[in-house]
There are 2 protein chains.
Amino acid sequence: MAITLDPWGHFTIEDYGKLIEQFGMMPIDPVLDLLPKNHHFFQRKIVFGHRDLDLWLKALKEGGRNAVLTGFMPSGHVHLGHLMVIEELKYFQEHGAQITVVIADAEAYAVRKVKRDQLFNYSEEYISYALAAGLDPYKTKFYFQTNQRSEYYRLIHMFSRKVTTAEMEAIYGSLEPAKIVASLTQAADILHIQLEEYGGFENVLVPVGADQDPHIRLTRDLADRFSEELKLKRPSSMYHKFARGLDGNKMSSSRPEYAVFLSDPIDIVKSKIMKALTGGRATADEQRELGGEPWKCTVFDLYSYYLAIDDRSLKDVYNDCISGRTLCGECKLKACNELVKLIKNLQELAKRYISAGLINKVIEYPSF
Amino acid sequence: MAITLDPWGHFTIEDYGKLIEQFGMMPIDPVLDLLPKNHHFFQRKIVFGHRDLDLWLKALKEGGRNAVLTGFMPSGHVHLGHLMVIEELKYFQEHGAQITVVIADAEAYAVRKVKRDQLFNYSEEYISYALAAGLDPYKTKFYFQTNQRSEYYRLIHMFSRKVTTAEMEAIYGSLEPAKIVASLTQAADILHIQLEEYGGFENVLVPVGADQDPHIRLTRDLADRFSEELKLKRPSSMYHKFARGLDGNKMSSSRPEYAVFLSDPIDIVKSKIMKALTGGRATADEQRELGGEPWKCTVFDLYSYYLAIDDRSLKDVYNDCISGRTLCGECKLKACNELVKLIKNLQELAKRYISAGLINKVIEYPSF
């Protein structure tokens, strides 16, 4: 059985493989040797694809001005999917890259129609959990899209000259003014840190979910179109699999019953996990005989992404499952206990960062 | 002949009357009594229509926070049409309104495709002639669209939420990203000075050519849509007739041979005027008999707009023409001499403002 040799990341590799083919991303394997240190996200192919990550890693090794930039949309509560991104940022911060986190308040307001005061609450939550999960409050640059200097907005104006209606329609299937402005703003987010005024970071890496690739391609095209006038370089990108919700679909705050929010009360976390979709069989007897199917199991995802960081412990979970030694109830309970420990710790730290008034020190809020 | 009773503005009043009907502007007559002082632009119906100018004038009389805002597009040289706008600003500045002049560098770059360095040259020209024509360098606020504070750009982001694709298409007949961004930027230009951060001017008047009315209507609609959230009020507007080029069509830098640029060498000005379209007859004899038709004459426009400020002298020009007493050659020569005097004076003053380094003191240039 080939499956046992590669438990991590196997279960959906076929779909993501198609994604790579279809959009011309590069597979992650050839890049693994360039990483400054192993990380289970890469080894397990949770990060499964990239564009020019190899160039970015080489520049990092050579002591280049390397930055990582990603964005949070303050339109809902922080869930485990976001924790994955924060973990990626932390990894690169520990290896010397400058980290910038965009709070996409303009997009949340204009496209997602969140009220301005509401989005500040969500923003505080995002930032407090980012710090709680280990981002360095003194080294990480957080900013609101609507609270930047003019150089940043100038890029939006300039980019508008070299984007066509047809491109916009192809990317969004819509020409809503809010979406057009939001997409140009995203390009400014990714590219502005190359400007001298914002640190002059030549090598920029954007870690995102695979669904964000169209933005990345537009932004890379814009970098090409402004390579002379503004000396912009293409950003690199890397793509992780979606964190799956507890029903097996993409984790999203729009289906809160299947998402684990970092701010969920602990008893809610427990009851959500205990109801999660697994790879279990119809009956206990059948499962003892045939073994479970971890590649279908959202609880196995939790182990793979967050709970079983070292490969041995993940292998144990996997083998105990497919052999039929451990049934779903027991396995869920174990996952639940470990996840609760992790979340409780984050909640306490996040609360402490807020009550210490640190949020207002790491980000300047817009005046309205 | 009814025409002699109302020489100024009569010649195209029918067309502009249709404009008023079609777009729901208000005619200027009922507002004349509210003006702080007569001005030939109003008396001659060169300013022929408005929206809520009466409200603005009443607020001015009551000592309200009144501002006038207009924009210049740095995509070509300054011509007599722009001088008309500057004259309007000067008039309101002398009567206590705060004056703001937008240099529309974002739009010039993105929509008109002017290079960034080139548009700075044009901007300097606009500002120097605005000062030369009498705007107070210490009281007038000039700014570049790409060199503002975040509050201004935040408006662009916020406005994008409440503008539909259909509206954009109706206004521009196009959904080019550059035009969408430019139109939202124009709305921010007009509305931002109501914000506390920019002076909190409650009563804003925008003097523009009639062709700009669609922007005004969109901006007034946006003010309504943000009346609660941002406490925005509808701006007032007033509309002047186009300055006609020397061929009788709208004066424009795209047809330079028919436009009088303030920077034109004096001999060029002379030769342009001498070739201008007049209301003259086929032969001198016929003209002596029938008289000329000043309502067709672009040289009569020059008198009406710029050269014959007091009504008596304009009436003389008019009567000398329709009676056949003065023929076109003589009339042109007289206009030419007076225009040359006016332009020479402006050129000298503009040059002095530039060489004194005053431009850099009244406006801050963007960093790129």
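# Notebook: strands, helices and the A–B contact

For my own bookkeeping, helices (H or I, at least four residues) and strands (E, at least two) are DSSP runs, numbered from the N terminus. Two strands pair if DSSP finds at least two bridges between them.

Before going further, I noted that this is a predicted model, in which local features need pLDDT of at least 70 and side-chain atom pairs count only at pLDDT 80 or more, while totals for chains, interfaces and linings use all residues. Residues are numbered from 1 along each chain as its sequence is written, with chains lettered from A and ligands numbered from 1 in the order in which they are written.

**Strand 3, chain B**

I looked up a partner on each side. B:Ala67 has B:Val204 in strand 6 of chain B as its bridge partner. Towards strand 4 of chain B I found six bridges, again parallel, and there B:Thr70 is partnered by B:Val101.

Next I checked burial (buried: 20 or more other C-beta atoms within 10 Å of the residue's own; exposed: 12 or fewer; partly exposed in between; C-beta atoms placed from the backbone). Seven of the seven residues of strand 3 of chain B are buried, so the strand is largely enclosed by the rest of the structure. B:Asn66, B:Val68, B:Thr70 and B:Phe72 point one way, B:Ala67, B:Leu69 and B:Gly71 the other.

**The whole sheet, chain B**

Which strands stand at the edges? I wrote down the order first: seven strands, 1-2-7-6-3-4-5, in an open sheet with mixed pairing. Strand 1 (26-27) and strand 5 (140-144) of chain B are the edges; each has a single partner strand, so one side of each is left without a neighbour in the sheet. Strand 1 of chain B runs antiparallel to strand 2 (residues 47-51) of chain B, with two bridges between them. In that pair, B:Pro27 is opposite B:Gly49.

Then I looked at what lies on the sheet. Helix 5 (residues 80-94) of chain B packs there, touching strand 3 (66-72), strand 4 (98-103), strand 6 (203-209) and strand 7 (236-240) of chain B. Its direction makes about 165 degrees with that of strand 3 of chain B. Axes here are lines fitted to C-alpha atoms, for helices over the stretch in contact, and angles run from 0 to 180 degrees between N-to-C directions.

**Helix 4, chain B**

I listed the buried residues of helix 4 (residues 53-61) of chain B: B:Leu53, B:Trp56, B:Leu57 and B:Leu60. Down the axis of helix 4 of chain B they fall within an arc of 95 degrees, so they line one face of the helix. The arc is that of the directions from the helix axis to the C-beta atoms. These residues pack against strands 2, 3, 6 and 7 of chain B; contact means C-beta atoms, placed from the backbone, within 7 Å.

**Helices 12 and 16, chain B**

Helix 12 (residues 266-274) and helix 16 (residues 328-355) of chain B have axes 10 Å apart and an angle of about 150 degrees. They are therefore roughly antiparallel to each other. The cut-offs I used: under 35 degrees is roughly parallel, over 145 roughly antiparallel, 65 to 115 roughly perpendicular, and the rest oblique. Residues in this contact include B:Ile266 and B:Val269 from helix 12 of chain B and B:Ala335 and B:Leu339 from helix 16 of chain B.

**Where A meets B**

I counted 30 residues from chain B and 29 residues from chain A in the contact. On the chain B side, helix 6 (105-110), helix 8 (150-161), helix 9 (165-172) and helix 10 (177-192) each supply at least two residues. The largest share, nine residues, comes from helix 8 of chain B.

How do helix 9 of chain A and helix 10 of chain B cross? Their axes come within 10 Å and cross at roughly 100 degrees, which makes helix 9 of chain A roughly perpendicular to helix 10 of chain B. A:Pro177, A:Ile180, A:Val181 and A:Leu184 meet B:Pro177, B:Ile180, B:Val181 and B:Leu184 there.

I found B:Tyr138 in the loop between helix 7 (116-132) and strand 5 of chain B. With 7 C-beta neighbours inside 10 Å, B:Tyr138 counts as exposed. Its C-alpha atom is 7.4 Å from that of B:Val362, 224 residues apart along the chain.

Conventions:
Contact = placed C-beta atoms within 7 Å.
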